[in-house]
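Dear colleague,

I am handing over the structure we spoke about, and below it I have set out what was found in it. Please have it open while you read.

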Amino acid sequence: MRAAHTRGLPGLLVALILAALALVWFPAPGAHAATDVSTVAAALRKGPVYVDPAASGQLSAPEADALAAKIKKADKPLFVAVLPADFPTENLFRNLRTDTGVTGLYAIRLGDRFDARADSAVMSRSAVQNLVTSVQGVSDANTQLNRFTDLALPGIHGSAPASWGGATDGGGVSTGALIAVGAVAVVGGAGAYTVVRRNRRRKEEEQRAALDRLRVVVDEDITAFGEELDRLDFHPAEAGADDVMRADYERALDAYEQAKSFMAEARRPEDVRAVTQSLEEGRFSLAVLAARREHRPVPERRAPCFFDPRHGPSVADAAWTPDGGAPREVPVCKADWMRLTGGEQPAVREVETEYGRRPYWDAGPAYGPWAGGYFGGGVLPGLLVGTVLGSMMASPGYGAAYGTGYGDFGGGYDGGDVSGADFDPGDFGGGFGDGGGGDFGGGGGDFGGGF
């Protein structure tokens, strides 16, 4: 029995070495020819930079290793591929993103041409276009890719995918080192999992803190609406009440109950949008009911008062200029309209911040969902241009943290997440070199726009 056990040791040792090789061997850029997109994607899942053998004259192995080390050190989901000029371009970005399956920013040097695409959760389309334009005139591949990387890294949201592991130098690995690494591979895998969990936990903690700040403001809004319902003092059986009035009142009550329910269930800042949207619906129903009871014309549907949505629906647009910003028209209630026309300051909704009480538009990104529920995606951009909140909402980091676009706070995958084919194809559509257009029919060899 002992002899048989001893004879089995060489086979076990070989198996351990092979397992270790499979776990830690990351091919140097350009080690294998890329015959299709899936080969490029497989390489990018292991490291941030891939150089096709046919394009090795564009970027040397040491240059590729240095670029990869820079991206890994920054811990950002930036993928760089250097491909030959005749590499097929039809749906190149879309197919590469699908095969890689990781949310991120993808940059491709194809011959002497360069282009990039990104998930909107990682970087906005306009930001990607601006970055591409800023480096397209650089002929040297190493200079171009490093300049693009240096400019892009500060604006990328998310973390590097766990599949990249730690930084590597791309050099050879001794058999003894492989055996040692194989022995601790399980520990390393557990460590990577711990990092992912820690990042997610940190994000959850940040969201909880932002929601806690919002909860105070939203509870004040809900309370104020409940007081409006009481002041209205409407009784469905009162003299003069008809079915239309009762329906208005019922909608207002339903909105009040929905707002309380949505807030009780809120787990992320973006969940607050449903709360303020319900309150906006309820306040308009109350305004309609009040007009019917007083035999006045039913008011038109307008956005709430910009200065404080608790004032109810606006009655007009008035010129307003934020500190250091450009003038614009904002919807205002009757009381604020009278204040402005009389040369007085409007009654602005202020909230608590670390710098004291500030107008909500200067209070931070957590108030984006709150404002989005009241004003919606179509109105908010023009109202907030030049304010602190408007600037934050325009940044790619904010778009990922609280949802992409003004008033659209839907969440989604963070940069570096394994999301497979679950992404917006419009983020990766268009022909190569067209600056990220939304057409993903694209044809092979479409190198228009910018070249």
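Predicted model: local features only at pLDDT ≥ 70, side-chain atom pairs only at ≥ 80, totals over all residues.

Four strands make up an open sheet with mixed pairing, and their order across it is β1-β2-β3-β4. Because β1 (49-51) and β4 (113-118) stand at the edges and have a single partner strand each, one side of each is left without a neighbour in the sheet. On average, and ignoring direction, neighbouring strands of this sheet are turned by 10 degrees against each other. Between strand β2 (residues 78-83) and strand β3 (residues 105-110) the pairing is parallel and runs over 6 bridges, and within it Leu83 has Leu110 in β3 as its bridge partner.

Two helices that pack on this sheet can be described with it. Helix α3 (residues 37-46) touches β1 and β2, and its direction makes about 140 degrees with that of β1. Helix α7 (residues 141-152), in turn, touches β2, β3 and β4, with its direction at about 165 degrees to that of β3.

The salt bridges

Side chains of opposite charge can pair when their charged atoms come close.

Arg301 forms a salt bridge with Glu281, and the closest N and O atoms of the pair are 3.4 Å apart. This pair links distant parts of the chain, since Arg301 lies in the loop between α11 (272-293) and β5 (316-320), whereas Glu281 belongs to helix α11, 20 residues apart. Both partners are partly exposed, Arg301 with a relative accessible area of 42% and Glu281 at 40%.

Between Asp308 and Arg310 the closest N and O atoms are 2.9 Å apart, again in a salt bridge. Here Asp308 counts as buried, at 5% relative accessibility, while Arg310 is partly exposed, with a relative accessible area of 28%.

Arg357 and Glu350 meet through their side chains in a salt bridge of 3.9 Å, N to O; Arg357 is partly exposed at 46%, and Glu350 is partly exposed at 34%.

The surface patch

Val315, Trp337 and Met338 make a nonpolar surface patch of about 310 Å², and of these residues Met338 has its place in helix α12 (residues 334-341).

Definitions and conventions: Residues numbered from 1 in each chain as written. Heavy atoms only, no water. Salt bridge = Lys/Arg side-chain N within 4 Å of Asp/Glu carboxyl O. Buried < 20%, exposed > 50% of the residue type's maximum accessible area, 1.4 Å probe, protein only. Patch = residues over 30% accessible without salt bridge, like charges linked within 9 Å, V, L, I, M, F, W, Y side chains within 5 Å. Areas by Shrake-Rupley, 256 points an atom, 1.4 Å probe, with all protein chains shown as cover. Pairing = 2+ DSSP bridges. Axes fitted to C-alpha atoms, helices over the stretch in contact; angles between N-to-C directions. Contact = heavy atoms within 4.5 Å.
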